[in-house]
Every structure is written in C-alpha cells, then in structure tokens.
Protein chains: 2
Amino acid sequence: MGQNILDADYAVRGDVIIRASQLEKSLQEGKKLKFTELVPCNIGNPQLLGQKPLTWIRQGLSLLVNPELLSIPSIISHYPSDIIERSKYLLSRLPGGVGAYSDSQGIPVVRETVSNYIGKRDQATPPNPDNIFLTAGASPSVETALSCLISSPKVGVMIPIPQYPLYSALIALKQGHPVGYYMEESPDQYWKLSIPRMQEAYDKAVREGYNVNSIVIINPGNPTGQVLSIENIKKIIEFSQKNRLVILADEVYQDNVYMANKEFRSFRKTVQELKLDSEVFSFHTLSKGFFGECGLRGGYMELLNIDSEVKAQILKLQSIQLCPSTLGQIALELALNPPVVGMPSYERFLEEKTGILESLKRKAQVMYEMLNSMDNVQCNFVEGAMYAMPSVRFSLRAIQAAKDLGMPADKFYALQVLENTGIIVVPGSGFGQQPGTYHFRITILSPESSIREILERFKAFNNSFHQQYKD
Amino acid sequence: MGQNILDADYAVRGDVIIRASQLEKSLQEGKKLKFTELVPCNIGNPQLLGQKPLTWIRQGLSLLVNPELLSIPSIISHYPSDIIERSKYLLSRLPGGVGAYSDSQGIPVVRETVSNYIGKRDQATPPNPDNIFLTAGASPSVETALSCLISSPKVGVMIPIPQYPLYSALIALKQGHPVGYYMEESPDQYWKLSIPRMQEAYDKAVREGYNVNSIVIINPGNPTGQVLSIENIKKIIEFSQKNRLVILADEVYQDNVYMANKEFRSFRKTVQELKLDSEVFSFHTLSKGFFGECGLRGGYMELLNIDSEVKAQILKLQSIQLCPSTLGQIALELALNPPVVGMPSYERFLEEKTGILESLKRKAQVMYEMLNSMDNVQCNFVEGAMYAMPSVRFSLRAIQAAKDLGMPADKFYALQVLENTGIIVVPGSGFGQQPGTYHFRITILSPESSIREILERFKAFNNSFHQQYKD
C-alpha cells in the first residue's frame, strides 16, 4: 500500500459519516436512540432528500434503454412527441445503442450538445466539440486534469481553503503538493477570494522550492457558497497569467445561484473577453444544478487553450477506462438540451425546473436566517451552490474537551450534533480553515416540509451545547 | 505531464484504430476506398456488431429509471409480472431511486446478489457482501487493486505475455514494474501457462531487485482464449503461495467457454478447496458474457483473504469518486439474478441467452477453421473469451518492408489489412509476444450472416500479401 493512498483523506465520507452508519445500523436493529432517523446534511445528494428527477430526462432514458417501447402504440401514446423524436434521433446517432462502448472521449452528438450549451450560456462562439471530454460526473475529470498537471512531487496546485476535499485527496494520491490560499470571511457576509492572499500562498510555495503550475477555483463555492463577481474573476485570471498558472474552474454549481444581485459568469467567457490565452479546464456535472442526477454519473470537462499533445494524452487516459456510462452521457444531452417554448414537454419541464430552483432559494434563505439565530454561530449569505459554511465560536472548555479526545473542536461538535439530533454535518477541519477558527458544512437540501423543524432541533442542541461548555 | 502518462500505452485503441478513424471520416466524406465500410474486429463490443441486449435487463432498467411507468396500467400490462415485482423490490431498496448517489462500495442489495451468484457458481458458501465492491466495469477495479499493490517503482506485478494491455498501461501509470511471463503456444493448439516460465520470470525480476508481490491471471484468456484446467489453476495457486504473490484473477469471460471438454473454474473455489489463504482479487463485468452491456458500465471486484485495513483503503479510494453508475449496478443485479424456471420471463431469457452463447460458439469454430486455412497463419482453438490470437509467419522481405517504415511486421500487416479490406484487427505487438513471433488479435463477434464473407475477404488479402512479399 503506497503512502500516497494512506495520505489521501476524504472528509465528506469521513469519521462522522462512519459513526452515522453505525447509528443507522442501531436504528435498524430497533435500538433506542435520541432520534428516530438520521438527517443526512453531509453531502449534496438531492434525490436522497426527496428532490424529484426531471420527467424529460427520465422519459428519454426509459426509451433509450428499452427501445422496444417505441414500437408499442399504447405505450408510446403516453409519451410527449418531442421526447419520442429526440430519443429516435439519439438512437440514430448511437450505433449499437446504449449497450455498446462509446467513443472514449464521449458520444459525438452529446459533445455537440455540450458545445452548443456553452455557446448559448456564454453568448459566445461555441467551443469545438473536440475540446469536450465526457466523464462520469465531475470527479473523474478533475482526476484526469490533475494527472496531467502533477508530474512530480515538486508540483504545487493552488486550492482554496476551505476547499471541496476531492482536491486535497486527489493531490495526495497523485503525490503533488497542495498550496492552500485562505478565503476571507468578509464583513460583507460572503466568502471572498483575495488576490494578495493568493500571491502570498504562491510566493511561499515558490520559496519552498515548489513549481506551482495551476490553481483551483470553485465558483459558485463549495463549501463556501460565494458567487464570484466579474471583477473578481478578472483579477484571478490576471493573477494566473502573471504566475503562469493553469486554471481549474470547478463550475458545477453554475445553475445554483440564489441571490438576486448575483449571476454566474464562466472563466471561459472572461478569458475570451480579456483576449488572453489562459489555459482553462472547466468542469460541469449532471449531479448538481436543478438536475440532481448524482447516481447516473454524467459530466463533462471543457479544455480552453490546452495544447493538443495534452489533449491526446487525456484521450489515452480516458480510453484506458474505455468510456463513461452511455446513460450518464445521454442524460447530460437531455439536461443541457431541454425542451424550449412551443415544445409539448416545455411546460412541465419549466414547472419542475422552477419548482426546484425556487425551493432551493427559499431554503438557502431559511438556512442563513436560522443559523444566524443560533448561539455562537455566524453564517454568511448562501449566494449559490448547495451548502452553508457557518463559523462556530467554541469556549476554551469545549476546545479542551475535544482535545482530550484527540480531535479538533469542530469534529467533536459535529459528532455531538449527530449523537443528539441525528443530523449529519461535516466539520470544517475536513475542508481546511483559518487556524483558530471553526466551521461546519451543512447542505440546504432537506425538504421544505421539514427544514425548519430540523434546524430548530439543531438550534436547541447547539444552544445547550454552548451552555454546557460555557467557560 | 508526468513520464508515467507518456509511458502508458494502450494498443486496443492505438495507431491502427487511429488510422481506422481517419478512413471512417474519408468514407463519410464520400471518398472511394477499397471497401465500403469498416469491420471493427478490434474490441470486444458485442452490441456494436448487432448482438441484442437481454430483454429482462432492459425492461427492468426502463422501470427503474422511469418509475412513473409502474403506475400506468396500459403500459405496465406490456411487462411480465416478474420484472415488475423485481423493479418494485429494487426501488424499495433504493432510497432516492437511481438518481441518488449510492454507497461508495455499491448498493447493498446488489452486493447481496453478487454474493449469492458467486456462492451458486462455485457451489460454496457465498462470500460476505462486505467483500464485494461494485465498479463501473472491470477496468476501474483493476486500477484500484493495482493502486493498492504498487507502493513504489520497485514493485513488480507479473502479467502474462500476451496480455490485455489494460494491465501494462495501468502498471505504467502507477509507476510499477511489469514482470512478463511468456505463455506457450503448445502443440496441443492451446495457449498454456507454464509454471517454469513463471518461475523464470519471477527469479529474474527478483535478481534485478524488484519486490514482486502479485500476479495477473486472465482466465478465460484475453487475447489468447485458453480456458485453464483445474490442475493448471492449482499449480498457479501453489506457485503464488510459494512466492507470496497476491492473485489478480481476471475472470470477466467466465460465461464464455465454447469447448465441450472445458469448463470455467474460479480461483476462489480452488483456493478454498486447497484450504489455502491465498489473497485473491477477482474481477467480473457486465460487458462480456452473454450480457454484452459494455456501455452501461457495471462490474464487481471480490476480495478473498484481503486484510481489512486494505479494504478500508479501497473503500476510501472508491468514495473519492463517490459511486459507480447506479444503472450499471442495477443492470448487474438483473444480470446475475435472472429469471428462473417457472417465472414468466424465463423462456424468453433462456432463448436469448442460449441464442447468444450458441452463436458465439459457432463463430469461435468458424474463426478457428478459416484462420487455419490462410497462408502462413496458424491459430489455436478458441476455447473461450471473444478473441482468436493467431500467429503469422512473415518473410524476411515483409519484415524488412515494415522495418523501413519503423514498425514491427505485425503492425505493418494489420495496417495493410485495414487499408485493403476495412477489417480492423490489433497487432500482436500491442499485447506482447515471444521475440521473433508475430500475431494479431481478432474478435469473434461479427454477425453470423457476414463472418464467413469477412474472413474470405481477409484470406484473399492475406494470401496475396504473402505472395507479394515472398522471399
């Protein structure tokens, strides 16, 4: 077993989650606990918490996976004509159907759709579909990009702190060096990316002998929920140019923006407007947005200004794993090329999409308000993505109690929250944080019918916890 | 870009295939070539060549992906009652349906099915489902196993020569050392695994300072098509015990045995009968057998006698990628837990299964006969799997002509076959072979309606090639 594997840590499924599994088993065995069911707020898994899949996507998949249905009139009469046509068209572009390996880079018609989607989103010329790689969600494409970038243990990759732990885990596996840059909890109540902080982290790593060649930006932020302004994005691009950094733009929450005064802006669009030649890998997925199709494993990576020799190597890496799930690819096609005004499926699609996004927006607001009403908890706006990342002030006694158990105070707290309420949150130490500060990440995905009750229960425990450990 | 990535080579999708893509484009543009369509015999992709999916699997998937269908009587009346019941049961075991992330190790009910399948297959106690990891086909599980085994560049992994190039590619990526053991083209017309050859390869690597810790066995063989006898398997296990090697048993072709006097025997069963504690990783997939569901990406890895600390690390590695496709997992459940006598779907299932396997058996025989009728070509029995791996004797002139172009003779030959007939085969040099011998791999998957005609065309070209380059 290599040291790199032992070193890789993945908090989203870490110790708190392992304890939750044990408690789940106890509940199934009929043991009495302080709660009757677990409330999983640890991972962005919308359909587990009752979000319904989009009918358009599921109807299309059922026809593509079982094309016999297309020839049975009494079945097909239940399907809208547009999804029947789309399914027939996709089947005509799929020699061998969904059961054959596709091109390792991804099904050509799906890559064309992704390209058109990007063009529309950015109001710009669509990228060449040859620059699109389809993948089983965003995680494998991040792994591929990092495989290309980390050529020796001296390579540094800049990542935000707090970060989504996929990055630190993969950098450890690839035996690179993580160069963390701290995000600031600005008094304006959002998480801010500060260029001087980035420069500081970069300079320190260079002084230590690292070849820093890339920077990860997560926008909208996970776990921090901020939505970057155009000005901020421009400054980050200029910083990357100055220091010759490849940009890894994790843009999987591009549809998840809740604040009226914010909108998503891609790194791609901004690089092109600045007429720069920055190298950008950008990642998107079927698992987030309003699709929430985590289990289907679909996603893409778009390459901007990346050398063709690197592209050839990426294709080789993907070909070793043959191809991503064809059903995940097809679901991505349906998600990024949805029905438009005038099509029979449009009304239902729009209603479902709006329903999901409006609900997320309301829940983001409830989360912000309720967390800020809790003793010793302070939460920024949840501008986007699917998480709140509040800070918690702990008493010296609480910090000492945690220390006695050999763990940081936020892990101790998260475990206590779990044991007493069944609510699963991830301690901030799993994402990284400014030394001396403590946080936890909680998803905003619980159903609206119960989110207030859950947060009331959380609040009651939180307040009694701080009372108990009062200095 | 790391040297390990540049070093990884993957012949199944190598230069011959790249040239085939160019020719495909030329055909689409209406250019006149010596053939009107390409015949892809390079990769085990059955449904691309017309093999039909099993109705049972596809019906189940359509209900699981679109459970709305279950509530529409005029639709559901077209489905047999057993697949409706199974789908409802599986949905009851899937909180969040197929759109939620599953356990990283795989959906519990699917792991239970895999465990029962193994128990029945081996007529033995089923393994604990905790020892089963579900994966997106066999390739990712091989990658995970090799990640655990290769802890430094001094680690040697024994692989057969010829081998399926997944192994050499992954060992290069993980920066391990491949220790090839030659298989013998025995006069009995099958490819033989020889223990003295294995010992020789092992000793040489140890003398060179490598820590050889594992051995890959592919049974039934890819590309070599042999089906190992119990005696042979026993000797391999004893060899592994003696040299303390972890066994990687690639058993993805366990349903693909065509010779009346041969049957598949698992390494697991043999280790247990010998009452040994050999450590075994065994791999299986939805892509081969009579399922041929390559595009759905389903498979499993079973761990026998593997330390629980290693299991914990494997779970962590899988959790970084969240989970394999839920639809691939569900398809695996349906494939390994098919309808049995008395169930409404049984007749159709049996007819489809038998049809596919009998057809493969006939094609294995045709392939063997036709290849042996070609000048300078000699082919062993195709005992199992989906490939023939005949040897070709080249004239000195042919070898020189290839050398002038900077390539081995079998690659030159495969490219000539492609340009002149449209048939895509993979040169033996992509799999490894005894120095001074030449081979190619050809799949037995072309439709029965055309396989003879294709091979006649191949034969005509082959004979003229050898005539042209006669010494």
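Q: Where in chain B is the place of B:Arg244?
A: B:Arg244 sits in the loop between helix 10 and strand 8 (246-250) of chain B. Here helices (H or I, at least four residues) and strands (E, at least two) are DSSP runs, numbered from the N terminus. This is a predicted model, in which local features need pLDDT of at least 70, side-chain atom pairs count only at pLDDT 80 or more, and totals for chains, interfaces and linings use all residues. Residues are numbered from 1 along each chain as its sequence is written, while chains are lettered from A and ligands numbered from 1 in the order in which they are written.

Q: What makes A:Gln123 exposed?
A: A:Gln123 has 7 other C-beta atoms within 10 Å, and therefore counts as exposed. Its phi is positive too, near 45 degrees, and its place is the loop between helix 6 (108-122) and strand 2 (132-135) of chain A.

Q: Why is helix 7 of chain B called oblique to helix 12 of chain B?
A: The axes of helix 7 (residues 138-149) and helix 12 (residues 308-320) of chain B come within 11 Å and cross at roughly 130 degrees. Axes are lines fitted to C-alpha atoms, for helices over the stretch in contact, with angles from 0 to 180 degrees between N-to-C directions. Angles under 35 degrees are roughly parallel, over 145 roughly antiparallel, 65 to 115 roughly perpendicular and the rest oblique. Helix 7 of chain B is therefore oblique to helix 12 of chain B.

Q: Which residues of helix 7 of chain B make the contact?
A: They are B:Thr144, B:Ser147 and B:Cys148, which meet B:Val310, B:Gln313, B:Ile314, B:Leu317 and B:Gln318 of helix 12 of chain B. Two residues are in contact if their C-beta atoms, placed from the backbone, lie within 7 Å.

Q: How do you know that the two copies are related as by a two-fold rotation axis?
A: Copies are superposed by least squares on the C-alpha atoms of residues with pLDDT of at least 70 in both. A rotation of 180 degrees with 0.0 Å of shift along its axis superposes chain A on chain B (RMSD 0.0 Å). The two copies are thus related as by a two-fold rotation axis.

Key:
A residue is buried if 20 or more other C-beta atoms lie within 10 Å of its own, exposed if 12 or fewer, and partly exposed in between; C-beta atoms are placed from the backbone.
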